[in-house]
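Okay, thanks for coming, everyone. Let me put today's model up on the screen and then walk you through it.

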Amino acid sequence: MNTAGVIPGPLAEDVTAYRRELRQFLRTEPELDTWRADPAESTEEILQSHARLLALLYSGGWNRYGWPPAMGGLGGSELHRAAFYEELSMADLPIPEQCMTLDTVGPAVVGFAPELAAQLLPGYLRGDEWWGQGFSEPEAGSDLAALRTRGTVDGDRMVINGQKIWTSQAATATRLLCLVRTGTPESRHRGLTIVLVDADCPGITIRPIALASGQRELAEVFFDDVNVPLDRVIGEINGGWAVAMYLMQWERAMYCYASTSRLMRSMQLLRDRMLADDIAGDAETSAFARIYVQLSTAKARGLQSIRRLAAGEKLGPEASVDKLLCGQADKAAYDLVAEVMEQASLVAAPADRRYAHDWSDQWWYSRAATIMGGSAEIQRGIIADHVLALPKD
Ligand SMILES: Cc1cc2nc3c(=O)[nH]c(=O)nc-3n(C[C@H](O)[C@H](O)[C@H](O)COP(=O)(O)OP(=O)(O)OC[C@H]3O[C@@H](n4cnc5c(N)ncnc54)[C@H](O)[C@@H]3O)c2cc1C
């Protein structure tokens, strides 16, 4: 077990002091201007640039708060991570893309495979490596329990065959957290296992998928007799569904809070632009107010969920409300950007590049906000069935 930094940092017990000191650092560190005017354009360049930002933040300890000391962190809770994402956004800095996946998969690895987390998370926090989440398959997206990628246990190894699709950052990731079928084909959610696979294992082929923006953030991943040691299993064999459901709590709450924080700052910049250039009429001004309220609602809801996670509570199906609010606000906000900027989001000038992606990329990406991580229709179904207990018809 890696024992580096097993003592909590001095700000672990005080989120307000952490936020204050982080804000001061983000305001005064001259090196950070590199990322305010970041010319990185392709997915590969953006990930490399964000890795360098992580290394800088790690050296000051800033992104280590919110993670356990035994895993390279400095202690504290999800509230530290929420403050970190919010302060980066307010300082016109990107939230490193790597953090979005770490906050989705990291807590599950900490909870279900602490030795692996101790070994690998310090490198992740330093920006040395990042992972992809390989859950979806061509015929198993909304119906995830239908997935067919096979994991066959053979002695102390698992042999994986099959295909994943829509895996974010797979083309640049060093490892892939995969949900595979270890039970019978009919076993549904009872026969699934989560395993962490090195992306450079023999038998893995990764084919990037070009998005409408031209970015190559997503990929298809093919597994052909890929051999993985069993100590890479997260949790129990055939116990993957429980791990996946545990992971969803952070995917819904933390991911949404980080993206809403970033979006809130984008809206403030849009407001400045609207005022400075006098480019918005009454209709756009009222749309702005409506969307700002929508966004604030999503963010407030996210914070409530994060407080519950920080207090050790479990989020149940009600986390689908966070996901739904966040996805809807994301799309509405970028529709307004496109409208106000008179389609300028589709032909963005370099000066508008604030967060490494330009407005255009952000607009295109926002189309996926109500699909990825479970579509809006699926979230509504969960809310209807499991939160409101509405009649099936
Ligand atoms: C930008 C982006 C990033 C992504 N990143 C990842 C990633 O990193 N890892 C990963 O594993 N996956 C990722 N995904 C995949 C994502 O989780 C799936 O796209 C999503 O779960 C939907 O699955 P699907 O695409 O197979 O659509 P389908 O499940 O085929 O759904 C098609 C349509 O039918 C609707 N539908 C399906 N079932 C129902 C139902 N029961 N009731 C009502 N409507 C229904 C859906 O809402 C949707 O509109 C990503 C997707 C996108 C767009």
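Before anything else, a definition: the radius of gyration here is taken over C-alpha atoms, and the globule rule is 2.2 Å times the number of residues to the power 0.38. With 393 residues, that rule puts a compact globule near 21 Å, and the chain has 21 Å, so the two agree.

Two bits of housekeeping. This is a predicted model, so local features need pLDDT of at least 70 and side-chain atom pairs count only at pLDDT 80 or more, while totals for chains, interfaces and linings use all residues. Residues are numbered from 1 along each chain as its sequence is written, and side-chain values use heavy atoms, with hydrogens and water left out.

Now the overall picture. We've got eleven helices and eight strands; those are DSSP runs, H or I of at least four residues for helices and E of at least two for strands, numbered from the N terminus. The C-alpha trace spans about 70 × 55 × 40 Å along its principal axes. Of the 393 residues, 54% are buried, meaning under 20% relative accessible area with a 1.4 Å probe, protein chains only. And take the contacts, heavy atoms within 4.5 Å: among those between residues at least 6 apart in sequence, 72% join residues at least 24 apart.

Start with T149, in the loop between β1 (131–134) and β2 (150–154). T149 counts as buried because its relative accessibility is 1%. Its side chain makes a polar contact with the side chain of E137, at 2.7 Å. By polar contact I mean a pair of N or O atoms within 3.5 Å; within protein, one must be able to donate a hydrogen and the other to accept it, and residues adjacent in sequence count only if both atoms are side-chain atoms. Leaving out residues up to four places away in sequence, T149 also touches others, including I160, V180 and F223.

Next loop: T172 sits between β3 (157–164) and β4 (175–181). Which residues does T172 touch, beyond four places away in sequence? They're E44, L47 and W130, and with W130 there's a side-chain to side-chain polar contact of 3.0 Å. T43 is 129 residues away along the chain, yet the C-alpha atoms of T172 and T43 are separated by 8.6 Å.

Last one, D322, in helix α9 (residues 319–340). D322 is buried, since its relative accessible area is 2%. The side chains of D322 and R301 are joined by a polar contact of 2.9 Å. C256 is 66 residues from D322 in sequence, and 7.0 Å away C-alpha to C-alpha.

Definitions and conventions
Buried < 20%, exposed > 50% of the residue type's maximum accessible area, 1.4 Å probe, protein only.
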